[in-house]
Amino acid sequence: MSLFKVDGYALTWRLPLLVWQSIFFIGPLVFMVAITFFLVKNYRMREAFEMINWIKMLSRGYFWDSYFLTLWLATLSTLTATIVAFPASYALAFKASATVRRWAVFFLIIPFFTSYLVRTFSWYVILAEHGAINAVLSWFGLGPFTMLNTPFATIIGYMTLCLPLVVVLQTLSLANVDKNLIEAAWNLGAGWMRTVFGVIVPLAKTGLIIGAVICFILSYGDFVAPYYLGGSKPPTLSILIIDTTKSGQQWPRAAVVAVMMMATLISVAFTAVYLAYRRK
Amino acid sequence: MNTRIDKLITAGLILYVVAVFIFVFAPIITSMIFSFNSDRFASIPLGSFTLHWYETVYNDPDVWDAVQTSIIVAVSVGILSTFIGFCTAYTDYRYSFRFKNGYLVLALLPPTIPLIIIALAMLAWFARIGASGQIWSVVIAHTVLCSPFAMAVIRLRLQQIDLDLEPAAWNLGASEWVAMRYVIVPFCKPAIVAAMCLTMAVSFDEFVVAWFVSGLNKTVPVIILEILQGNVDPQINAIGTFVFVTSMTLVVIAQLLVTLRSPKRSST
């Protein structure tokens, strides 16, 4: 076979992805980096190569407030989801039959296909001053508590988004842990805590970290929970992008925020992958 | 071992799982309940049963336009992204080549990037190439987001195929195209339909990118977002319930197709 023979059949299957994702995925992302150097005059973007957008955004205190707030909220969300999900995933992986586990996973995937906006609005109703939780608490003479417009409500929103997915990923990775090794740990006299944290967690490490990373990415980019439940004071980076884009057509400055978000996410993801696949 | 403590722990874990499921489903069930509740401002105790919000939604031409747009977008996205997903899955199944890892990264990367970033990038890019604010702007953007899901579903199906099946067809004189038509495609059919349902459901629900690039061609979730931004009213629950039923129908069909084993394997 000649080295330069064109295999039409192979190319037919290979090209659609390459063409589509280059033009409509890589293209936009590269262009977004380019427009961080563009200028806006009279509400129109003009090609240029200026650092002004970077200087304007990165020298503002409010940008860094948002930056660290977003980082903090996403971290908090990741820790909460990982810790809250673990006992449930543990139970589904080790205490439930395969059939129950399959159904549980199926039911946990359902929320992924229901409107996240509507679910957030429901939490708004549940957590409100005269909402369901305060109504129940008032029967016991408690409250009312202010829950909306607090970081607590933001985290509830993030959990709505992430928790089902994290439970699914943790359950699948825990279910793959070799039961013989757990048995062996028991037989060798390891206690409950020691078996879980010394044997099971290290064996399921990759899946647990992947769940955490996905939760981090979702929370980091979400604007619905911090805006509608958290009150957006100060705004997170995603809200900053929306405000900057929609008011005043400042796309270049919004792009600066987006590029900063990407850089942060890439570093977090690489660190996590390194931790997940590192050998002891 | 102390079996009583063991039993207590197990019982505690079961309760815990139930609590997690309550947390996950509370907002979904709440919105369904409130969609039939007469009070304009949601509060406890509930008002009386009403279909008022469904009537409001039913009589709102904006919602009908949005439903129409959403359906056109979802169907187009389903077809396009399933086609791209199939091509990619088959390439991954059949070939190995230089830069294949890069190829797969390109195929699976989109869901790992926050939607708000993709939305901004697409908005700027579409404005640049003169494709902004059209109904097919949303189609293009959603196809980028959905094809990885289609690829994953179909790739899983190809995992189950007997590796000798395709070469056997070639040996019997079938060309590669004929083998594709009569061996691979029939084998993948349930996964192809499942991938279509799944990608349609994802597209039907996506609002961040749609909000940025749709212009005046609003989809249903974009309408929901706008109601949330303006005068919040219980219509939202009625629309949400409608979206939920639509997406769930698609997901259940997909799930059934993936899990049910087809009685006859590759019939031809």
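Visitor: How many residues does the contact take from chain B and from chain A?
Guide: The model considered here is a predicted one. In it, chain B and chain A meet in a contact to which both contribute residues. The contributions are 83 residues from chain B and 79 residues from chain A.

Visitor: Which residues of chain B lose the most area to chain A?
Guide: About 7300 Å² is buried between chain B and chain A, and carbon and sulfur atoms give 84% of that area. Three residues of chain B lose the most, together 9% of what that side buries. They are Phe23(B), Leu106(B) and Leu120(B).

Visitor: Which side chains meet in a salt bridge across the interface of chain B and chain A?
Guide: The rule finds 1 salt bridge across this interface.

Visitor: Which helix gives the largest share of the side of chain B that touches chain A?
Guide: Between the two chains, 9 residue pairs are in polar contact. On the side of chain B that touches chain A, the largest share amounts to 16 residues. That share comes from helix H1 (residues 3-34) of chain B.

Visitor: Is Thr195(A) buried or exposed?
Guide: Thr195(A) belongs to helix H9 (residues 192-203) of chain A. Beyond its close sequence neighbours, up to four places away, Thr195(A) touches Ile182(A), Ala185(A), Trp186(A), Ala190(A) and Ile200(A). Its relative accessible area is 2%, and a residue under 20% counts as buried. Therefore Thr195(A) is buried.

Definitions and conventions: Residues are numbered from 1 along each chain as its sequence is written. Chains are lettered from A and ligands numbered from 1 in the order in which they are written. This is a predicted model: local features need pLDDT of at least 70, side-chain atom pairs count only at pLDDT 80 or more; totals for chains, interfaces and linings use all residues. Side-chain values use heavy atoms; hydrogens and water are left out. Contact means heavy atoms within 4.5 Å. Buried area is the accessible area (1.4 Å probe) that two parts lose on being put together, summed over both. A salt bridge is a side-chain nitrogen of Lys or Arg within 4 Å of a carboxyl oxygen of Asp or Glu. A polar contact is a pair of N or O atoms within 3.5 Å; within protein, one must be able to donate a hydrogen and the other to accept it, and residues adjacent in sequence count only if both atoms are side-chain atoms. Helices (H or I, at least four residues) and strands (E, at least two) are DSSP runs, numbered from the N terminus. Buried means under 20% relative accessible area, exposed over 50%, partly exposed in between (1.4 Å probe, protein chains only).
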